[in-house]
Amino acid sequence: MIELLFNKLMPIVILIIIGYYWKKKELPFDKDMISSLIMNLGTPALLIASINNKDLTSENIITILIYGTIIIAICTILTIAYLKLENKPIRPFLQSFIFPNTGGLGIPIVYVLLGQTAFVYAITFSVLINIYHFTIGLWLSNSSLNLKKALQTPVLYALVVALVFKGTNTELPFIIEDVCKMLGGIVIPLLLIAFGSSLVGIKIGQNIKAVRMGVVRVVLGFLVVYTIFYFGNFEPVLIYTLLIQYSMPIATTSYLFALRFNGPFEEIAVMTASSTIAILFLLPLIIYVIN
């Protein structure tokens, strides 16, 4: 387990460090160009590639859709209450709390701890989170986004295309699939480098509230799913998968949205870092609950 975390976290840390020193050395860095490239090309391609995954079936999509949506709804209510206590605006911060990093970190941990069946559930839940993040999360992040602008968002077109192909059991042409995978491959590295660059000049001592909020995100996600698990009667592998996935740290996509739409990207950068560190301390408790 320690080796897994090291292998998964170190590439993330290295890319963040690269971004940090790139900005520190004042090398050319156009954050508007990078965020536009990710939003308009990389992310739509990544969404198509992920939904096209052959492990996704109609049955587990429906199961995860029901339980996953219930979890997100409960966490949304609790997060709104918490943000009011912190005197923080709800729209810019809500999406960072309710749509965590289920893909890059959650999926491999689920696979190692729970096996192949849980792995399929994890992929399905991660796709659900992505769909919600790039629709509801996008709307939350951009207060000026109206219906007309929403319909012009490339991510929405990509989502519709992917769901049509999936719903009709139509396979993507190999060339299109490869292009989507290649374009989708730029998203995470560029996001992490941009994230690292945003940490330049940030004084953690002056952002204690953001550090606390990042830790609260991880704890809140764990408690919401654990409470449902404790009082409900569910298939163990399903609830264990959701417990791991929804305890994951803040997704770098939340930072991207804040950066793209002039949100509180510095605070969300600190929250992302602190929530990632927090999961290292929460994982032993998650493993204990599962066992």
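Residues are termed buried when their relative accessible area is under 20%, exposed when it is over 50%, and partly exposed in between (1.4 Å probe, protein chains only). Helices (H or I, at least four residues) and strands (E, at least two) are DSSP runs numbered from the N terminus. The structure is a predicted model, in which local features need pLDDT of at least 70 and side-chain atom pairs count only at pLDDT 80 or more, while totals for chains, interfaces and linings use all residues. Residues are numbered from 1 along each chain as its sequence is written, and side-chain values use heavy atoms, with hydrogens and water left out.

The protein contains 14 helices and zero strands. Of its 291 residues, 47% are buried. Contact is taken as heavy atoms within 4.5 Å. Among the contacts with a separation of 6 or more, 84% are between residues 24 or more positions apart.

Helix α12 (residues 236-245) is largely enclosed by the rest of the structure, because nine of its ten residues are buried. These buried residues are Val 237, Leu 238, Ile 239, Tyr 240, Thr 241, Leu 242, Leu 243, Ile 244 and Gln 245. The axes of α12 and α14 come within 11 Å and cross at roughly 175 degrees; axes are lines fitted to C-alpha atoms, for helices over the stretch in contact, and angles run from 0 to 180 degrees between N-to-C directions. The two helices α12 and α14 are therefore roughly antiparallel to each other, on a scale where angles under 35 degrees count as roughly parallel, over 145 as roughly antiparallel, 65 to 115 as roughly perpendicular and the rest as oblique. Tyr 240, Leu 243 and Ile 244 of α12 meet Ile 286, Val 289 and Ile 290 of α14 in this contact. Its residues comprise six nonpolar, no polar and no charged, where Ala, Val, Leu, Ile, Met, Phe, Trp, Tyr, Cys and Pro count as nonpolar, Asp, Glu, Lys and Arg as charged, and the others, Gly among them, as polar.

On the α10 side, the contact is made by Leu 191, Leu 192, Ala 194, Phe 195 and Ser 198, and on the α13 side by Thr 252, Thr 253, Tyr 255 and Leu 256. The residues of this contact divide into six nonpolar, three polar and no charged.

A nonpolar core is a set of buried Ala, Val, Leu, Ile, Met, Phe, Trp, Tyr and Cys residues joined through side-chain atoms within 4.5 Å. The largest such core has 61 residues, of which Phe 97, Ile 98, Tyr 246, Met 271, Ile 279 and Ile 286 touch the most other members. Helix α14 (residues 265-290) gives the most to this core, with eleven residues. Not counting residues up to four places away in sequence, Ile 98 touches Ile 72, Cys 75, Thr 76, Thr 79, Ile 129 and Tyr 246. Another core, of 21 residues, lies apart from the largest one and includes Ile 34, Met 39, Ala 162 and Leu 172.

Two individual positions were also examined. Glu 86 is located in the loop between α3 (58-85) and α4 (90-98) and counts as buried, at 8% relative accessibility. Residues up to four places away in sequence aside, Glu 86 touches Lys 209, Arg 212 and Met 213. Thr 135, in helix α6 (residues 116-141), counts as partly exposed at 28% relative accessibility.
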